[in-house]
Amino acid sequence: MIEFQGLSKVYGSFHAVKPLTLTVRRGEVFGFLGPNGAGKTTTIRMMMGILVPSGGQVLIDGLDCHTEPAEVKRRVGYLPDTPVFYDYLRGREILQFVGEMHGFSRAEAARRGARLLTEFGLEEAGEDYAVNYSLGMKKRLGLACALIHDPAVLILDEPINGLDPRASREVQERLLAAAARGVTIFVSTHLLDMAERLCDRVGIIHRGDLVATGTLEEIRADASATGSLEDVFLKITGEAAEETAQ
Ligand SMILES: Nc1ncnc2c1ncn2[C@@H]1O[C@H](COP(=O)(O)OP(=O)(O)OP(=O)(O)O)[C@@H](O)[C@H]1O
């Protein structure tokens, strides 16, 4: 379970994330939606202990992400918006390294790495250097790294941004498979068709403010909007922008 308790981030006088209170249930796929600059990455970086909150806290399975980041990382798999690898390690070596960092023996890390390379269609690229991977391959390798320790929670920042349709579909299928195994997934995106396909519930963040939460049906009803998630999203964020301007 993920609990945001008034979590906020201020840069100087700019409120990047306004006090955020929200609970993501165990086993849920939760879409964190918002336009560019809404505060999604800032929120996720606070969840991963990379940024220090200005106020409030976020707990994962009862652990404070700021004060207990190592324990949190044992339970969580994280895919950053731009995965960065050691360029001159091979895909197989990167997975092995991440596995060993999680405390697995060399043999166990190798076994897990090999299984994930196959599962993510990277078997043939396993001996290639990461510097030569395409963006789609890097995202898949990043997701494989995030899953190597069988985490109960996945936190994904824009997992399919920039991928071609085939790679995008493949990553979404992997995520659905993880969700089917009961993994809790918190996924940020501005790609609404993915959210519509994948998420049990969504939250819409706009200029640091959570302006709507619920299932698509609930949000539609609250916003008195019809049509796709895109229509609902544009209506809600448009209204929120007007309120801010007034
Ligand atoms: N270090 C910083 N100093 C000042 N402002 C920052 C800093 N980091 C982020 N911001 C601002 O905070 C706001 C939220 O940024 P954030 O990266 O969280 O948005 P996002 O929702 O992830 O956007 P995108 O979809 O474009 O990645 C933006 O206006 C951004 O310019």
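Which elements each supply at least two residues of the shell around the ligand? In this predicted model, the elements that do so are β2 (14-24) and α1 (40-47).

**The ligand shell**

The residues around the ligand are Tyr 11, Phe 14, Ala 16, Gly 34, Asn 36, Gly 37, Ala 38, Gly 39, Lys 40, Thr 41, Thr 42 and His 190. Helix α1 provides the largest share of this shell, namely three residues. When the shell is sorted by class, four of its residues are nonpolar, seven are polar and one is charged.

Strand β2 is part of an open sheet of four strands, which has the order β2-β1-β4-β5 and antiparallel pairing. The edge strands of this sheet are β2 and β5 (63-64), each of which pairs on one side only. Helix α1, for its part, lies across β1 (2-11), β2 and β4, and runs at about 60 degrees to β2.

**Helix α3 and its two partners**

Helix α3 (residues 91-101) comes into contact with α4 and also with α5.

| Helix pair | Axes come within | Crossing angle |
|---|---|---|
| α3 (residues 91-101) and α4 (residues 106-119) | 8 Å | roughly 130 degrees |
| α3 and α5 (residues 135-147) | 9 Å | roughly 25 degrees |

The axes of α3 and α4 cross at roughly 130 degrees, and α3 is therefore oblique to α4. In this crossing, which is right-handed, α3 passes α4. The residues of α3 that take part are Gly 91, Arg 92, Leu 95, Gln 96, Gly 99 and Glu 100, and they meet Arg 106, Glu 108, Ala 109, Ala 110, Arg 112, Gly 113, Leu 116 and Leu 117 in α4. By class, the residues of this contact divide into five nonpolar, four polar and five charged.

With α5, the axis of α3 makes an angle of roughly 25 degrees, and because angles under 35 degrees count as roughly parallel, α3 is described as roughly parallel to α5. The crossing of α3 with α5 is right-handed. Here Gly 91, Ile 94, Leu 95 and Val 98 in α3 meet Leu 141, Ala 144 and Cys 145 in α5. The contact of α3 with α5 has six nonpolar residues, one polar residue and no charged residues.

Note on methods
Residues numbered from 1 in each chain as written. Predicted model: local features only at pLDDT ≥ 70, side-chain atom pairs only at ≥ 80, totals over all residues. Axes fitted to C-alpha atoms, helices over the stretch in contact; angles between N-to-C directions. Parallel < 35°, antiparallel > 145°, perpendicular 65-115°, else oblique. Left-handed = near helix turned anticlockwise from the far one by under 90°. Contact = placed C-beta atoms within 7 Å. Nonpolar A, V, L, I, M, F, W, Y, C, P; charged D, E, K, R; others polar. Near = placed C-beta within 6 Å. Pairing = 2+ DSSP bridges.
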